[in-house]
Amino acid sequence: MNAKTKPINRTIALLSVLVMITLFIPLRKSTPFYLSFSRLDGRSQSFAGSKQANGKKGEGAFPKKEKYFQRNYKWLGVSKKQRETIFHIYEKDVKKEIKSFGVPHGQKSPLVIRKKGYMQFAPDQYMVNYKQIFQRNREYFPALTSSLLLSTELLPGGDPLFEFLVFVQQIPFKLPPKFYEGRFINSFFTPLICLYEKYGDCDTKSLLLAEFLDTSKDAKGKVAIVLADYFGTSHSILAINRKPLPGMTTLYHPQKGYFIPLETSAPGWSPGFLSKNVTDLFQRGHVFFIDLN
Amino acid sequence: MNEMSQLRILSTVIYLALIFISSIVSVLGSIGIISFLTRKSIDVKEEIVKNKNVGIALVLVSFIWAIGRMCIETVRPIMNAWYSGYASGFTFKTILFFSLGFLGSLLVALISGTLIIFLSMRILMVLTRDVDEWLEIKQGNTAVALVISATIFVVGMFFESIISYIVIHMFGF
C-alpha cells in the first residue's frame with residue numbers, strides 16, 4: 001500500500017511546487033499593470049509651464065532669462081525605494097495661476113466670481129469649479145508629469161497610477177488658508193500652487209493627481225472628483241474609470257459605469273481602498289460626482 | 001499569462017480563500033465557544049438536529065454573525081496589503097509577513113468575536129443573576145435565546161468598526 005502511494009505523493013508534491021513557481025515567479029517581473037513597480041534609483045527634474053510644453057524638455061532646456069522656483073520632493077516609491085523629484089515651476093505661471101483663481105476682497109459680482117474659478121449651485125452659494133481649474137492647469141502639467149514619471153523609473157508602457165498615487169499621498173496634508181495673496185480661495189489650492197506650496201488638503205491633492213494622470217500617456221481612464229458631505233463632515237476623493245479587482249471598493253455611476261476610488265489624503269491606501277469612515281461617509285452622505293475629462 | 005489576468009486570478013483566489021476561511025473560523029469558533037461556555041453540557045449538533053432546539057440555533061446564529069463580522073472587517077486591510085505588496089514586488093520576506101498578517105488578522109477577528117460574546121453574556125448575567133440562561137435555552141426557552149442573540153448583535157455592531165483599525169495597526173496593513 002505504502003509502496004504504491006509514495007510515488008503518487010511525490011508527483012503531487014512536484015506538481016504543487018511547479019504550480020507555485022509558475023504563479024509566483026512572474027510577480028517579480030516589472031509589469032505594465034497599473035499597480036506596476038519601478039526598478040532603478042534616480043532623480044529627475046524638468047521645467048513646467050508653457051515653454052516646456054512647447055518642446056524644450058529635460059535638463060538641457062534651462063531658459064536662462066526665465067525666473068523659476070525649484071521644488072524638491074523626497075518620497076518613498078511603491079517599491080519602498082527613496083525617490084527624489086525636482087520640479088521647476090516658472091514664476092510667471094505661478095503668478096498667472098494666483099491671478100486666475102480666487103476672489104479679491106469685497107468682490108460680490110456673480111460674473112467675476114464665476115470667472116475666478118467658482119460655480120454657482122444655488123442663489124448666493126458657490127463652490128470651486130474643479131473642471132475649469134483642471135482644464136486650465138493642463139497647460140503646465142505635461143512637463144511636471146514627465147519629471148515625476150522619470151523619477152519613478154517605470155518601464156515604457158508601465159501604468160503609473162500607483163506611483164502617482166503614492167507620490168500625492170506623501171505630500172503633507174494641511175488645509176490651505178481661506179485667503180491667499182489677498183484672494184478668497186476657500187481653502188483650496190489649484191494643482192500648480194499645491195506643488196509650489198508643497199501641501200494641500202483632500203480636494204487639492206485629488207485634483208493634482210488628476211492632472212498627473214490626465215497628462216501622462218500611459219495612464220488610461222476617465223477621472224472624476226467625488227465629493228461627499230454628511231452633516232458638515234465632508235471629504236473628496238478622485239475616482240478613475242477602471243475595472244475593479246476583487247476586494248476593491250467601487251463607485252457606480254448610472255451613465256458612466258464603475259469607478260475605482262483613489263484616496264489621496266493619507267499614505268497606505270492602494271487604488272480601490274478607503275478607510276471605513278470614508279466609506280461610511282460616501283454611503284450615507286450627499287455625493288457629488290464631477291467629471292474632469 | 002497576461003500580467004493583469006494573473007493578478008486578477010491571484011486576487012480572486014486570495015479573496016475567496018479569505019471568505020472561505022472566515023466562514024469556517026466563524027462556524028467552528030461559535031460551536032467551540034458554546035461548548036466552552038456550557039462546559040460541554042450542550043452538544044450543539046444534537047440539540048439542533050435531533051431535538052430541533054430553536055433557542056440553540058438562534059444563539060449559534062448570533063455567535064456566527066459576531067465572529068463572521070469581525071472576520072469580514074479584516075478582509076479590506078488584507079486585500080489592501082495584498083495589492084500594495086504585489087505592486088512593490090514580492091520577496092520571500094514580504095510573502096512571509098503577508099501570510100503571518102493574513103493568519104494573525106483572522107486570529108484577531110476570532111479573539112475579538114469571542115470577547116464580544118463573553119462581554120454580552122456577562123452583561124446579561126449581571127442583569128439576570130437568578131436565571132441560568134443556558135439551562136433555560138436547553139429546555140427550549142426561545143425567549144431567553146432571543147434576548148441573548150439580540151444582545152450579541154448589538155454589542156457586535158458597536159465593536160465591528162474597530163477591528164479594521166486594530167488589524168491595520170497590529171500588522172502594518
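**Chain B, order of elements.** I started with chain B of this predicted model. Reading from the N terminus, I get α-α-α-α-α-α. My tally for chain B is 6 helices and 0 strands. I then looked at the extent of the C-alpha trace, which spans about 60 × 30 × 20 Å along the principal axes of chain B. Chain B has 173 residues, and 39% of them are buried. I also checked how far apart in sequence the contacts reach. Taking contacts in chain B between residues at least 6 apart, I find that 85% join residues at least 24 apart.

**B:Leu110.** Next I picked one residue in chain B. B:Leu110 sits in helix H4 of chain B, residues 92-127. Is B:Leu110 buried or exposed? I count 20 other C-beta atoms within 10 Å of B:Leu110, and the cut-off for buried is 20 or more, so B:Leu110 is buried. Setting aside neighbours within four places in sequence, I list B:Val25, B:Gly29 and B:Ile67 as the contacts of B:Leu110. I also took the distance to B:Ile56: 54 residues away in sequence, with 20 Å from C-alpha to C-alpha.

**Cores.** I went to the largest nonpolar core, which has 75 residues. Which members touch the most others? They are A:Phe164, A:Leu209, A:Leu213, A:Ile225, A:Leu238 and A:Ala239.

I followed up on A:Leu213. Leaving out residues up to four places away in sequence, A:Leu213 touches A:Leu161, A:Phe164, A:Ala219, A:Val223 and A:Ile240.

**H7 against H9 in chain A.** Here I looked at helix H7 (residues 161-169) and helix H9 (residues 202-214), both of chain A. Their axes come within 10 Å and cross at roughly 150°. Angles over 145 degrees count as roughly antiparallel, so I wrote H7(A) and H9(A) down as roughly antiparallel to each other. The crossing of H7(A) and H9(A) is right-handed. From H7(A), the contact uses A:Leu161, A:Phe164, A:Leu165 and A:Val168. From H9(A), I have A:Lys205, A:Leu208, A:Leu209, A:Phe212 and A:Leu213.

**Positive phi.** I flagged two residues of chain A. The phi of A:Glu181 is near 50°, positive in a residue other than glycine. A:Glu181 lies in the loop between strand S7 (179-180) and strand S8 (183-184) of chain A. I find 13 other C-beta atoms within 10 Å of A:Glu181, so it is partly exposed.

A:Phe231 is not a glycine either, and has a positive phi of about 50°. The loop that holds A:Phe231 runs between strand S9 (223-230) and strand S10 (233-240) of chain A. With 8 other C-beta atoms within 10 Å, A:Phe231 is exposed.

**Confidence in chain A.** Last, I checked the pLDDT. Chain A averages 80, and 78% of the residues score at least 70. Over residues 22-46 of chain A the pLDDT is below 50, though I still find 74 contacts for this stretch in the model beyond near neighbours in sequence. Residues 49-61 of chain A also stay under 50. For residues 49-61 the model has 26 contacts beyond four places in sequence.

Definitions and conventions
Residues numbered from 1 in each chain as written. Chains lettered and ligands numbered in written order. Predicted model: local features only at pLDDT ≥ 70, side-chain atom pairs only at ≥ 80, totals over all residues. Core = buried A, V, L, I, M, F, W, Y, C linked by C-beta atoms within 7 Å. Buried ≥ 20, exposed ≤ 12 C-beta atoms within 10 Å, placed from the backbone. Contact = placed C-beta atoms within 7 Å. pLDDT = per-residue confidence, 0-100. Axes fitted to C-alpha atoms, helices over the stretch in contact; angles between N-to-C directions. Helix = DSSP H or I, 4+ residues; strand = E, 2+ residues; numbered from the N terminus. Parallel < 35°, antiparallel > 145°, perpendicular 65-115°, else oblique. Left-handed = near helix turned anticlockwise from the far one by under 90°.
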